[in-house]
Amino acid sequence: MLSFLVFGFVCAIPSSCLSRFPDGNTQNTTFRSETVVTKTDVLRILLNQETLMRMTLVKDVHSLMKDIIDMKVNLATSKKQLHDAMEEISILKSEMNNTITSIKADVEKSQKSQLNLSAAVSSLSLLNNYALKTKIGFTAGITTLSSTWRGSTLVFPHVVTNYGNGYNSSTGKFTAPTDGTYVFFVTVTPHGLRALYLDIVQNGVSKVRSMSHGSTAYQMGSNMAVLQLDKGDSVWVRRLAGQSYYSYSVPVTTFSGFLL
(Lines give C-alpha, C1' and ligand atoms only; values in the text may rest on other atoms or scores of the structure.)
Protein backbone atom coordinates (compact mmCIF):
# COMPACT_ATOMS: atom_id res chain seq x y z
CA MET A 1 0.00 0.00 0.00
CA LEU A 2 2.88 2.36 0.85
CA SER A 3 4.56 1.77 -2.54
CA PHE A 4 1.42 2.72 -4.42
CA LEU A 5 1.13 5.90 -2.42
CA VAL A 6 4.79 6.82 -3.12
CA PHE A 7 4.40 6.06 -6.79
CA GLY A 8 1.29 8.14 -7.04
CA PHE A 9 2.88 11.04 -5.26
CA VAL A 10 5.96 10.99 -7.54
CA CYS A 11 3.82 10.85 -10.63
CA ALA A 12 1.88 13.81 -9.37
CA ILE A 13 4.97 16.13 -9.38
CA PRO A 14 4.50 18.58 -12.30
CA SER A 15 7.02 18.54 -15.17
CA SER A 16 7.62 22.27 -14.77
CA CYS A 17 9.59 21.50 -11.68
CA LEU A 18 12.06 19.58 -13.82
CA SER A 19 12.30 22.26 -16.52
CA ARG A 20 13.57 24.85 -14.08
CA PHE A 21 17.01 23.32 -14.13
CA PRO A 22 19.41 23.66 -17.16
CA ASP A 23 21.43 20.76 -18.33
CA GLY A 24 24.60 20.03 -16.43
CA ASN A 25 25.94 17.82 -13.67
CA THR A 26 25.52 20.43 -10.98
CA GLN A 27 21.94 20.96 -11.93
CA ASN A 28 21.31 17.23 -12.10
CA THR A 29 22.97 16.66 -8.76
CA THR A 30 20.94 19.39 -7.16
CA PHE A 31 17.73 18.05 -8.68
CA ARG A 32 18.49 14.56 -7.53
CA SER A 33 19.20 15.82 -4.05
CA GLU A 34 15.98 17.79 -3.92
CA THR A 35 14.13 14.85 -5.35
CA VAL A 36 15.54 12.53 -2.68
CA VAL A 37 14.65 15.00 0.02
CA THR A 38 11.17 15.35 -1.36
CA LYS A 39 10.62 11.61 -1.58
CA THR A 40 11.92 11.18 1.97
CA ASP A 41 9.48 13.78 3.26
CA VAL A 42 6.66 12.23 1.33
CA LEU A 43 7.57 8.81 2.63
CA ARG A 44 7.69 10.14 6.18
CA ILE A 45 4.32 11.80 5.77
CA LEU A 46 2.84 8.68 4.33
CA LEU A 47 4.30 6.58 7.11
CA ASN A 48 2.87 8.96 9.67
CA GLN A 49 -0.52 8.83 7.97
CA GLU A 50 -0.37 5.07 7.76
CA THR A 51 0.58 4.91 11.44
CA LEU A 52 -2.32 7.18 12.32
CA MET A 53 -4.66 5.10 10.19
CA ARG A 54 -3.39 1.91 11.79
CA MET A 55 -3.83 3.36 15.29
CA THR A 56 -7.33 4.56 14.44
CA LEU A 57 -8.16 1.19 12.88
CA VAL A 58 -6.76 -0.68 15.87
CA LYS A 59 -8.74 1.58 18.17
CA ASP A 60 -11.90 0.95 16.18
CA VAL A 61 -11.21 -2.76 16.12
CA HIS A 62 -10.68 -2.77 19.89
CA SER A 63 -13.90 -0.81 20.37
CA LEU A 64 -15.73 -3.22 18.08
CA MET A 65 -14.29 -6.21 19.91
CA LYS A 66 -15.35 -4.68 23.20
CA ASP A 67 -18.87 -4.17 21.84
CA ILE A 68 -18.93 -7.76 20.62
CA ILE A 69 -17.73 -8.99 24.03
CA ASP A 70 -20.38 -6.85 25.75
CA MET A 71 -23.01 -8.25 23.39
CA LYS A 72 -21.87 -11.78 24.19
CA VAL A 73 -22.02 -11.03 27.91
CA ASN A 74 -25.48 -9.49 27.53
CA LEU A 75 -26.60 -12.44 25.43
CA ALA A 76 -25.27 -14.88 28.01
CA THR A 77 -27.04 -12.88 30.73
CA SER A 78 -30.26 -12.87 28.71
CA LYS A 79 -29.97 -16.60 28.13
CA LYS A 80 -29.45 -17.18 31.85
CA GLN A 81 -32.41 -14.94 32.69
CA LEU A 82 -34.52 -16.79 30.12
CA HIS A 83 -33.37 -20.12 31.54
CA ASP A 84 -34.17 -18.96 35.08
CA ALA A 85 -37.55 -17.67 33.93
CA MET A 86 -38.31 -20.99 32.21
CA GLU A 87 -37.32 -22.87 35.37
CA GLU A 88 -39.51 -20.60 37.47
CA ILE A 89 -42.41 -21.08 35.05
CA SER A 90 -41.85 -24.84 35.21
CA ILE A 91 -41.85 -24.71 39.01
CA LEU A 92 -45.01 -22.58 39.03
CA LYS A 93 -46.66 -24.94 36.56
CA SER A 94 -45.75 -27.91 38.74
CA GLU A 95 -47.06 -26.15 41.84
CA MET A 96 -50.24 -25.21 39.99
CA ASN A 97 -50.74 -28.80 38.87
CA ASN A 98 -50.18 -29.99 42.42
CA THR A 99 -52.65 -27.40 43.69
CA ILE A 100 -55.25 -28.42 41.11
CA THR A 101 -54.73 -32.08 41.98
CA SER A 102 -55.09 -31.26 45.67
CA ILE A 103 -58.25 -29.23 45.02
CA LYS A 104 -59.72 -32.05 42.94
CA ALA A 105 -58.93 -34.51 45.71
CA ASP A 106 -60.55 -32.19 48.28
CA VAL A 107 -63.62 -31.76 46.07
CA GLU A 108 -63.94 -35.51 45.58
CA LYS A 109 -63.50 -36.03 49.30
CA SER A 110 -66.11 -33.36 50.01
CA GLN A 111 -68.52 -34.94 47.53
CA LYS A 112 -68.01 -38.33 49.14
CA SER A 113 -68.56 -36.78 52.55
CA GLN A 114 -71.73 -35.11 51.31
CA LEU A 115 -72.95 -38.40 49.86
CA ASN A 116 -72.15 -40.17 53.10
CA LEU A 117 -73.85 -37.41 55.07
CA SER A 118 -76.88 -37.55 52.78
CA ALA A 119 -77.03 -41.33 53.15
CA ALA A 120 -76.69 -40.98 56.92
CA VAL A 121 -79.45 -38.37 57.02
CA SER A 122 -81.70 -40.59 54.89
CA SER A 123 -80.98 -43.57 57.10
CA LEU A 124 -81.59 -41.47 60.20
CA SER A 125 -84.85 -40.21 58.73
CA LEU A 126 -85.95 -43.76 57.95
CA LEU A 127 -84.95 -44.89 61.42
CA ASN A 128 -86.73 -41.92 62.92
CA ASN A 129 -89.87 -42.66 60.93
CA TYR A 130 -89.64 -46.31 61.91
CA ALA A 131 -89.09 -45.33 65.52
CA LEU A 132 -92.07 -43.01 65.40
CA LYS A 133 -94.16 -45.73 63.82
CA THR A 134 -93.14 -48.29 66.39
CA LYS A 135 -93.89 -45.82 69.19
CA ILE A 136 -97.43 -45.00 68.07
CA GLY A 137 -99.83 -46.92 70.26
CA PHE A 138 -102.14 -46.50 73.22
CA THR A 139 -104.26 -48.30 75.79
CA ALA A 140 -106.90 -46.51 77.83
CA GLY A 141 -109.60 -47.78 80.18
CA ILE A 142 -112.42 -46.94 82.59
CA THR A 143 -111.85 -47.46 86.32
CA THR A 144 -115.40 -46.61 87.46
CA LEU A 145 -118.88 -47.98 86.78
CA SER A 146 -122.21 -46.54 85.67
CA SER A 147 -125.55 -48.31 85.36
CA THR A 148 -127.24 -45.38 83.60
CA TRP A 149 -124.71 -44.15 81.04
CA ARG A 150 -126.33 -43.57 77.62
CA GLY A 151 -123.92 -41.13 76.02
CA SER A 152 -122.72 -41.06 72.40
CA THR A 153 -118.91 -41.39 72.72
CA LEU A 154 -117.52 -43.69 75.36
CA VAL A 155 -114.54 -41.89 76.87
CA PHE A 156 -111.75 -43.92 78.43
CA PRO A 157 -110.09 -41.43 80.85
CA HIS A 158 -107.53 -43.78 82.43
CA VAL A 159 -104.46 -43.84 80.15
CA VAL A 160 -102.17 -46.84 80.48
CA THR A 161 -99.89 -46.00 77.53
CA ASN A 162 -99.98 -43.31 74.86
CA TYR A 163 -96.91 -43.49 72.58
CA GLY A 164 -97.00 -40.70 70.03
CA ASN A 165 -99.72 -38.87 72.04
CA GLY A 166 -102.38 -39.79 69.53
CA TYR A 167 -105.06 -40.55 72.11
CA ASN A 168 -106.99 -37.77 73.86
CA SER A 169 -108.29 -38.86 77.29
CA SER A 170 -110.70 -35.91 77.44
CA THR A 171 -112.53 -36.62 74.18
CA GLY A 172 -111.91 -40.38 73.95
CA LYS A 173 -110.68 -40.00 70.37
CA PHE A 174 -107.44 -41.20 68.75
CA THR A 175 -105.96 -38.94 66.02
CA ALA A 176 -103.40 -40.53 63.68
CA PRO A 177 -100.00 -38.75 63.95
CA THR A 178 -98.95 -40.24 60.60
CA ASP A 179 -100.27 -42.25 57.67
CA GLY A 180 -100.33 -46.01 58.12
CA THR A 181 -102.19 -49.16 58.98
CA TYR A 182 -103.53 -49.29 62.55
CA VAL A 183 -105.09 -51.96 64.69
CA PHE A 184 -107.81 -51.10 67.24
CA PHE A 185 -109.43 -53.17 70.04
CA VAL A 186 -112.46 -52.45 72.19
CA THR A 187 -113.57 -54.49 75.19
CA VAL A 188 -116.61 -53.48 77.25
CA THR A 189 -118.42 -54.98 80.22
CA PRO A 190 -121.96 -53.68 80.88
CA HIS A 191 -123.42 -53.33 84.35
CA GLY A 192 -125.40 -56.34 85.52
CA LEU A 193 -127.82 -57.77 82.94
CA ARG A 194 -127.88 -54.69 80.76
CA ALA A 195 -127.17 -54.87 77.03
CA LEU A 196 -124.69 -52.60 75.29
CA TYR A 197 -123.72 -52.24 71.61
CA LEU A 198 -120.61 -50.24 70.72
CA ASP A 199 -119.01 -49.40 67.34
CA ILE A 200 -115.38 -48.59 66.45
CA VAL A 201 -115.78 -45.46 64.32
CA GLN A 202 -113.36 -43.91 61.76
CA ASN A 203 -114.14 -40.26 61.00
CA GLY A 204 -117.79 -40.85 61.98
CA VAL A 205 -118.22 -44.08 59.97
CA SER A 206 -118.83 -47.32 61.92
CA LYS A 207 -116.31 -50.05 61.02
CA VAL A 208 -116.90 -52.92 63.50
CA ARG A 209 -119.29 -53.60 66.42
CA SER A 210 -119.10 -55.19 69.83
CA MET A 211 -122.22 -56.73 71.38
CA SER A 212 -123.18 -57.49 74.97
CA HIS A 213 -126.82 -58.64 74.67
CA GLY A 214 -127.53 -59.01 78.43
CA SER A 215 -128.52 -62.68 78.53
CA THR A 216 -126.07 -63.13 81.38
CA ALA A 217 -124.77 -60.68 83.93
CA TYR A 218 -121.67 -58.68 83.08
CA GLN A 219 -121.44 -60.25 79.65
CA MET A 220 -118.25 -58.90 77.96
CA GLY A 221 -118.32 -57.75 74.37
CA SER A 222 -115.25 -57.04 72.20
CA ASN A 223 -114.06 -56.59 68.63
CA MET A 224 -111.00 -55.59 66.59
CA ALA A 225 -110.49 -53.48 63.45
CA VAL A 226 -107.52 -53.04 61.11
CA LEU A 227 -107.86 -49.60 59.55
CA GLN A 228 -105.86 -47.62 57.00
CA LEU A 229 -105.55 -44.07 58.31
CA ASP A 230 -104.25 -40.85 56.88
CA LYS A 231 -102.53 -38.39 59.15
CA GLY A 232 -105.24 -36.52 61.07
CA ASP A 233 -107.92 -39.22 60.79
CA SER A 234 -109.81 -39.91 64.05
CA VAL A 235 -111.02 -43.17 65.58
CA TRP A 236 -113.25 -43.54 68.67
CA VAL A 237 -115.87 -45.77 70.32
CA ARG A 238 -119.51 -44.80 69.83
CA ARG A 239 -122.65 -46.25 71.48
CA LEU A 240 -125.22 -47.74 69.13
CA ALA A 241 -127.70 -49.00 71.72
CA GLY A 242 -127.98 -50.10 75.34
CA GLN A 243 -126.61 -48.48 78.44
CA SER A 244 -124.14 -48.68 81.37
CA TYR A 245 -120.57 -49.88 81.72
CA TYR A 246 -118.68 -51.68 84.45
CA SER A 247 -115.03 -51.81 85.52
CA TYR A 248 -112.55 -52.03 88.40
CA SER A 249 -109.56 -49.99 89.51
CA VAL A 250 -107.66 -52.19 87.07
CA PRO A 251 -109.86 -51.64 84.02
CA VAL A 252 -111.77 -54.39 82.23
CA THR A 253 -113.47 -51.94 79.87
CA THR A 254 -110.70 -50.75 77.56
CA PHE A 255 -109.87 -49.20 74.19
CA SER A 256 -106.49 -49.84 72.50
CA GLY A 257 -104.77 -49.14 69.19
CA PHE A 258 -101.32 -49.16 67.54
CA LEU A 259 -99.54 -48.64 64.23
CA LEU A 260 -98.41 -51.72 62.35
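1. Setting aside neighbours within four places in sequence, Ser256 is in contact with Phe138, Thr139, Val183, Phe184 and Phe185. This is a predicted model, so please read what follows with that in mind. Ser256 itself sits in strand β10, which covers residues 253-259. Its relative accessibility is 15%, so Ser256 counts as buried, the cut-off being under 20%. With Thr139 there is also a polar contact, side chain to side chain, at 3.0 Å.

2. Now the overall layout. Of the 260 residues, 23% are buried. If you take contacts with a separation of 6 or more, 71% are between residues 24 or more positions apart. The accessible surface is about 17500 Å², and carbon and sulfur atoms hold 61% of that.

3. Have a look at the largest nonpolar core, which has 25 residues. Those with the most contacts inside it are Leu154, Phe156, Phe174, Tyr182, Phe184, Leu229 and Phe255. Two or more residues come from each of β1 (137-142), β5 (180-188), β6, β8 (221-229), β9 (234-242) and β10. The top contributor is β5, with four residues. As general background, nonpolar side chains in soluble globular proteins tend to be buried together.

4. Beyond its neighbours within four places in sequence, Leu154 is in contact with Ile142, Trp149, Leu198, Val237, Tyr245 and Thr253. One of these, Leu198, stands opposite Ser210 in β7.

5. That takes us to the sheet. Five strands form an open sheet in the order β3-β4-β9-β6-β7, with antiparallel pairing. The edges are β3 (167-168) and β7 (205-212); each has a single partner strand, so one side of each lacks a neighbour in the sheet. Between β6 (residues 196-202) and β7, the antiparallel pairing runs over seven bridges.

6. Which residue forms a salt bridge with Asp199? The partner is Arg209, with the closest N and O atoms 2.5 Å apart. This pair links distant parts of the chain, with Arg209 in strand β7 and Asp199 in strand β6, 10 residues apart. Asp199 is buried, at a relative accessible area of 3%, whereas Arg209 is partly exposed at 42%.

7. Lys66 and Asp70 meet at 3.2 Å, N to O. These two are four residues apart in helix α3 (residues 25-134), so about one helical turn separates Lys66 from Asp70. Asp70 is partly exposed, with a relative accessible area of 32%. Lys80 and Asp84 also form a salt bridge, at 3.1 Å, N to O; both lie in helix α3, again four residues apart, or about one turn. Lys80 counts as exposed at 54% relative accessibility, and Asp84 as partly exposed at 33%.

8. Last, a loop residue. Ser146 lies between β1 and β2 (158-163) and is buried, with a relative accessible area of 15%. Its side chain reaches the backbone nitrogen of Trp149 at 3.2 Å. Not counting residues up to four places away in sequence, Ser146 touches His191, Ser244 and Tyr245. Gln243 is 97 residues from Ser146 along the chain, yet their C-alpha atoms are separated by 8.7 Å.

Definitions and conventions
Residues numbered from 1 in each chain as written. Predicted model: local features only at pLDDT ≥ 70, side-chain atom pairs only at ≥ 80, totals over all residues. Heavy atoms only, no water. Pairing = 2+ DSSP bridges. Buried < 20%, exposed > 50% of the residue type's maximum accessible area, 1.4 Å probe, protein only. Polar contact = N/O pair within 3.5 Å; in protein donor to acceptor, adjacent residues only side chain to side chain. Contact = heavy atoms within 4.5 Å. Core = buried A, V, L, I, M, F, W, Y, C linked by side-chain atoms within 4.5 Å. Areas by Shrake-Rupley, 256 points an atom, 1.4 Å probe, with all protein chains shown as cover. Salt bridge = Lys/Arg side-chain N within 4 Å of Asp/Glu carboxyl O.
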